[in-house]
Amino acid sequence: MTDIFTLENKIKQMIDEMKGLCQTNGLSNQASEEVVITSVFLYKFLNDKFMANMKDFANDMDMSTEKVLQDEDMLAGFYDTYPQDVAFKYEDTIECLINKVGSSDFYKLFDDALERISNYTENEEFSIDTADGGRKPLFTRVTENVEASKRNNFAKNIFGIISQDKFDFGEAFKNNFDFYSAIFEHLIKDYNVASGVYAEYFTPQAISAIIAKILVEMSPVEDKIYDVYDPSAGSGSLVLHLANALGKGSFGDRAQVYTQDISGKSSRFLRTNMLLNGLTNSLDNIIEGDTLETPANYKAAHDPSSGVKQFDYITSNPPFKMDFSSTRNMIEQKWENSELRDGIKRFLQEFLKSQIRKKNQWEYICALSNIFSGV
């Protein structure tokens with residue numbers, strides 16, 4: 001059995017080799033590099049999880065994995081047995097595609113597989129909702145991020161790095177949240193910078209763990225489901241550590257996670273983080289959009305008429321650097337009739353309005369507090 005440190009180093013080595021491949025293909029310091037790295041990493045992780053579960057299922061059925069994969073009825077039974085995992089078909093797997101790596105259009109075969117996985121009905125819940133009602137798929141066509149003449153070699157080199165002969169996630173599935181937190185932090189460390197239009201500050205794992213412990217120890221944890229929320233979730237460090245600290249009850253995870261973030265990059269990171277940690281039941285609660293302008297977690301899912309949802313725990317590391325001056329007046333106008341409409345005043349109190357001006361982080365904090373606590 002591989003020890004945890006060797007396993008962690010193998011995973012980190014795979015990530016670093018992918019980053020090196022992106023560098024040699026001209027993607028360094030570009031947004032497309034992050035998309036490629038996180039997409040390929042997630043594809044590898046989900047592929048290995050699918051194959052590990054498939055082997056267990058085939059053994060239980062006293063069949064070979066090949067026969068299960070070729071039998072539509074058995075495959076449907078497999079999906080029913082593992083409803084929380086991303087569905088693959090054999091032609092989507094590394095095991096199948098590695099045999100076609102010599103093809104002159106191998107890059108198309110790889111991109112087609114990513115697109116198919118995203119479009120399977122069984123995988124609809126793994127898309128990210130947007131505040132305007134749209135959905136962003138699990139994967140996009142990754143080789144299109146490099147020049148056309150380089151795509152085939154790029155795809156072949158990807159499979160040289162993620163091939164199962166070189167590394168399999170099989171042993172990793174036995175590990176816990178702390179293990180995956182370290183892996184995830186390494187995955188995004190080169191993109192974990194306080195920059196960009198949306199001021200993407202990511203909270204360090206150690207700080208998130210301390211905050212989660214403090215929150216959970218403030219009162220006894222009951223055997224029930226807690227709704228936990230982060231209105232500026234980023235990569236999910238704060239809210240997922242809180243979910244982990246709440247632990248499991250007699251029915252499964254105590255935490256149902258709800259998030260929103262304006263950044264597409266952060267939302268992709270968060271989805272990856274949730275999938276790594278098995279929080280697939282909460283994936284449908286990830287919303288990409290401006291929380292202040294369009295809070296989109298409702299009492300009844302996807303139903304604005306049901307009212308904005310309230311929560312048992314709220315964590316947030318707000319984007320202090322972000323300039324809210326262009327939306328401040330619009331937000332106030334939008335919420336000014338909320339007291340008449342639903343009996344809850346959801347924006348700044350008058351004395352705060354007179355004290356707080358543009359670009360002030362407290363404006364953001366107070367607005368969020370009023371929106372979600374009913375002040």
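User: How many salt bridges does a search of the whole structure find?
Analyst: This is a predicted model: local features need pLDDT of at least 70, side-chain atom pairs count only at pLDDT 80 or more, and totals for chains, interfaces and linings use all residues. Residues are numbered from 1 along each chain as its sequence is written; side-chain values use heavy atoms, with hydrogens and water left out. A salt bridge needs a side-chain nitrogen of Lys or Arg within 4 Å of a carboxyl oxygen of Asp or Glu. On that rule, the search of the whole structure gives 16.

User: Which residue forms a salt bridge with aspartate 129?
Analyst: Side chains of opposite charge can pair when their charged atoms come close. Aspartate 129 is buried at 5% relative accessibility (buried is under 20% relative accessible area, exposed over 50%, partly exposed in between; 1.4 Å probe, protein chains only). The closest N and O atoms are 2.4 Å apart, and the partner is arginine 135.

User: Is lysine 174 buried or exposed?
Analyst: Lysine 174 meets glutamate 171 in a salt bridge, 3.6 Å from N to O. Glutamate 171 has a relative accessible area of 26%, so it counts as partly exposed. Lysine 174 has 59%, so it counts as exposed.

User: Which residues do salt bridges with shared partners join into one network?
Analyst: One link is between arginine 141 and glutamate 144, at 3.1 Å from N to O. Glutamate 144 is partly exposed, with 47% relative accessibility. Shared partners make one network of Asp112, Glu115, Arg141 and Glu144.

User: How many disulfides does the count come to?
Analyst: A disulfide requires a pair of cysteine sulfur atoms within 2.5 Å. Cysteine 22 is buried, at 0% relative accessible area, and cysteine 96 is buried too, at 9%. The disulfide count comes to zero.

User: How far apart are the end C-alpha atoms of helix H7?
Analyst: Helices (H or I, at least four residues) and strands (E, at least two) are DSSP runs, numbered from the N terminus. The expected span of a helix is 1.5 Å times one less than its number of residues. H7 has twelve residues, 151-162, so it should span 16 Å. That agrees with the distance between its end C-alpha atoms, 17 Å.

User: Which helices do the buried residues of H7 pack against?
Analyst: The buried set in H7 includes Arg151, Phe154, Ile158 and Ile162. Contact means heavy atoms within 4.5 Å. The buried residues of H7 pack against H1, H2, H5 and H6.

User: How many of the twelve residues of H8 are buried?
Analyst: H8 covers residues 177-188. Its buried residues include Phe177, Tyr180, His186 and Ile188. What covers them includes H1, H2, H9, H10 and H11. H8 is largely enclosed by the rest of the structure, because its buried residues number nine.

User: Which residue caps the N-terminal end of H8?
Analyst: A polar contact is a pair of N or O atoms within 3.5 Å; within protein, one must be able to donate a hydrogen and the other to accept it, and residues adjacent in sequence count only if both atoms are side-chain atoms. Here a side-chain oxygen lies 3.3 Å from the backbone nitrogen of aspartate 178. The capping residue is asparagine 176.

User: Which residue's side chain makes a polar contact with the side chain of threonine 65?
Analyst: Threonine 65 lies in helix H3 and is buried at 15% relative accessibility. Leaving aside neighbours within four places in sequence, threonine 65 is in contact with Met54, Lys55 and Ala58. Its side-chain polar contact, at 3.3 Å, is with glutamate 66.
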